[in-house]
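Work through the exercises below with the sequence and the coordinates at hand, and compare each step with the solution that follows it.

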Amino acid sequence: MLEQRQYPILEFDSCSSAVIEPLNFIKSIDMAECCVISFFRDIIEMKNNNGQLKQVETIHSETLDIPIYETMYNGKRVALVLGFLGSAGSAALLEELIAFGCKKFIVCGGAGVLQKDIAVGHLIIPTSAVRDEGVSYHYIEPSREVECNKEIVEVIEREFNKDGIKYLKAKTWTTDALYRETKEKVSLRISEGCVTVEMEAAAFFAVAKFRNVALGQILYCGDDLSGDEWDERLWNGRKDIRENLVDLSIKICSKL
């Protein structure tokens, strides 16, 4: 019998099976084992319009459908999928991609910075995430942080060094509450070593650990939350950086 706790979020159940499992309604198909999840919709649409992608499946939901595309890199198939904003949607997306047959993942997307001197477009390899969201608590036991797979971090780092790409390895803060990133909360996260803030990393790391799949993440530094006022820094207009990051993620994923 599961013990009732003071807060429902702490009632972790270690049972490996749930009432609804992705494999109950998803049949594994001939899917690329390597998959890039990117939050850069404009780049995916551009690649598709240019004939670089082939749609092989669709992730269905009540509110929208997300195409699963495939591309080739050095003769190897790599899936490319648009990310679902937020931890809950991201966890479900990852679950269904695993059910389809994907086993190795690189996630790339933007993040807010908590240090003003980090330039727009600088790349961060998150090594761990503060679990200020809800999904991860249903996959692994409660803890303050969840680590990224160290071996995948090493692969990403090795490829960055090989290509001469500047980067930081750092802790990120994953939150569900985009509009509740208060000054005091930001200060607290900075004090515990967080360099970025986003909405998905902790969920991705926890699901990957639970399902025993390889997953790493690359964050593209965008807006600035370190000051008294939010600075958008026109981060979503840097199309060249975003396109290069998707291509880089495809290359790295193919080598996992």
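**Exercise 1.** Over the ring of which residue does the charged end of Arg131 sit?

This is a predicted model, in which local features need pLDDT of at least 70 and side-chain atom pairs count only at pLDDT 80 or more, while totals for chains, interfaces and linings use all residues. Residues are numbered from 1 along each chain as its sequence is written, and side-chain values use heavy atoms, with hydrogens and water left out.

Solution. The criterion asks for NZ of Lys or CZ of Arg within 6 Å of the ring centre and within 35 degrees of the ring normal. The ring is that of Tyr137, with the charged end of Arg131 4.2 Å from its centre.

**Exercise 2.** Classify the ring pair Phe40 and Tyr220, and locate both residues.

Solution. Rings of Phe, Tyr and Trp (its six-membered ring) pair if their centres lie within 6.5 Å, and planes under 30 degrees apart count as stacked, over 60 as edge-to-face and the rest as tilted; the count comes to 4 aromatic pairs. For Phe40 and Tyr220 the centres are 5.6 Å apart and the planes stand at 85°, so this pair is edge-to-face. Phe40 lies in the loop between strand 1 (34-38) and helix 1 (41-49), and Tyr220 in strand 10 (residues 214-224), so the pair ties together parts 180 residues apart in sequence; helices (H or I, at least four residues) and strands (E, at least two) are DSSP runs, numbered from the N terminus.

**Exercise 3.** Is Phe40 buried or exposed?

Solution. Buried means under 20% relative accessible area, exposed over 50%, and partly exposed in between (1.4 Å probe, protein chains only). Phe40, at 1% relative accessibility, is therefore buried.
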